[in-house]
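Below is a colleague's note for the file, written to be read alongside the coordinates. Please go through the points in order.

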Amino acid sequence: MKQGFDDVVARVQKCGRKTVAVSVAQDSAVLEAVKEAAARGIADAILVGDEAKIREIAASINMDLSGYEIIDEPDVIAASLKAVKLAHDGRADMYMKGLIDTKDFLKSVLDKEVGLRTGNPLSHVCVFEIPGIDRLLFLTDVAFMTYPTLEDKVNIIKNTIPVCNACGVDMPKVAPLAAVEVVNPKMPATVDAAELTKMCEEGQIPGCVIDGPLSLDLAIDAEAAKHKGATHRKIQGDADVLLFPDIHAGNLVYKAIVHMVKVKNGCILTGTKVPVILTSRSDTFETKVNSIALAAVVAEELKKG
């Protein structure tokens, strides 16, 4: 049976309504998503920012603010620190970017006093529901780590496993991608992929199955795996996680899917104390709502740890 974002939202209903702290909330697209997330029973929100502007925008989109806590802070940097502190202190289950530059938003995430550091490297995961694929696909890292080392890739996988678990994938199959599916010393991505596979087999990366290097077709297309005689592989077109060798490969695939295929997706930043919703200005309304739902189930999963 096909798994998708409807299943993610259904999981939110089971784990209970969450609260999202919104940094610099005077953003119409973000407020629209927050309004919809509340209407669907996904999350309530604490809105931090310029109250007059928040109320003006809310009125323009017919958003009733009577049920929302609003913290008035016109200064953008101060607002981001107040908002992230809500998540740091446990008053909010997740943290969302509003009308603030990504650089300044990330500074609040990494703030030593009130931020969301865990001591682990941060990485980004995007979850896709794609027509023709019967499961959710987890793409990482497509937006944050530029040229991950082998150690970085281990951390990316460890950051992604709880996201998979939160979405109902108990033992995710991780495909470290490369242009080919055999080790070539002249292609470092293949060497890293083979090392990750070995580390998983030796128990150094628990909670998943890793098989690499894999070309993209072998990772997601069972017919391609059959035609290429890859029936001995642990992953034969049924990968859950696509691990990219660098940000160029990840970002190009991500944008190709988003702009060429009718998909549903949601994205979060991981490796933090609580999930961080770092959506782009170009992301659709539905992507923002899906990202809140994704963060909500991941927040619940992180509590188990």
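This is a predicted model: local features need pLDDT of at least 70, side-chain atom pairs count only at pLDDT 80 or more; totals for chains, interfaces and linings use all residues.

The points that follow take up the overall fold, the nonpolar cores, a surface patch and the salt bridges.

1. The protein chain contains 11 helices and 11 strands. Its radius of gyration is 20 Å, close to the 19 Å that the globule rule gives for 305 residues, so the chain is as compact as a globular protein of that length. Along the principal axes, the C-alpha atoms fill a box of roughly 60 × 40 × 35 Å.

2. Among contacts with a separation of 6 or more, 71% are made by residues 24 or more positions apart.

3. The largest nonpolar core. In soluble globular proteins, nonpolar side chains tend to be buried together. Here the largest nonpolar core has 60 residues, and the members touching the most others are Ile 42, Leu 47 and Phe 138. Helix α11, which covers residues 285-304, gives the most to this core, with eight residues.

4. The surroundings of Ile 42. Leaving aside residues up to four places away in sequence, Ile 42 touches a set of residues that includes Val 9, Val 12 and Ala 37, together with Val 289, Ile 292, Ala 293 and Ala 296. Arg 17 and Lys 18 are also touched by Ile 42.

5. A nonpolar patch on the surface. Val 76, Ile 77 and Leu 81 form this patch, and together they have about 200 Å² of accessible area. Leu 81 is found in helix α4, residues 76-88, and it counts as partly exposed because its relative accessibility is 30%.

6. Salt bridges at 2.6 Å. The count of salt bridges comes to 19. In one of them Asp 89 pairs with Lys 85, with the closest N and O atoms 2.6 Å apart; Asp 89 is partly exposed at 44% relative accessibility, and Lys 85 is partly exposed as well, with a relative accessible area of 38%. A further salt bridge joins the side chains of Asp 238 and Lys 173, at 2.6 Å from N to O. Because Asp 238 lies in the loop between α9 (222-227) and β9 (241-243), and Lys 173 in strand β7 (residues 173-176), this pair ties together parts that are 65 residues apart in sequence. Asp 238 is partly exposed, with a relative accessible area of 29%, and Lys 173 is likewise partly exposed, at 23% relative accessibility.

7. Which residue forms a salt bridge with Glu 223? The partner is Lys 226, and the closest N and O atoms are 3.4 Å apart. Both residues belong to helix α9, and because they are three residues apart there, about one helical turn separates them. Glu 223 is partly exposed, with a relative accessible area of 41%, whereas Lys 226 counts as exposed at 53% relative accessibility.

Terms used
Residues are numbered from 1 along each chain as its sequence is written. Side-chain values use heavy atoms; hydrogens and water are left out. A nonpolar core is a set of buried Ala, Val, Leu, Ile, Met, Phe, Trp, Tyr and Cys residues joined through side-chain atoms within 4.5 Å. Buried means under 20% relative accessible area, exposed over 50%, partly exposed in between (1.4 Å probe, protein chains only). Helices (H or I, at least four residues) and strands (E, at least two) are DSSP runs, numbered from the N terminus. Contact means heavy atoms within 4.5 Å. Patches are made of residues with over 30% relative accessible area and no salt bridge: like charges are joined within 9 Å, nonpolar side chains (Val, Leu, Ile, Met, Phe, Trp, Tyr) within 5 Å. Accessible areas come from the Shrake-Rupley method with a 1.4 Å probe; for residues, only the protein chains shown count as cover. A salt bridge is a side-chain nitrogen of Lys or Arg within 4 Å of a carboxyl oxygen of Asp or Glu. The radius of gyration is taken over C-alpha atoms; the globule rule is 2.2 Å times the number of residues to the power 0.38.
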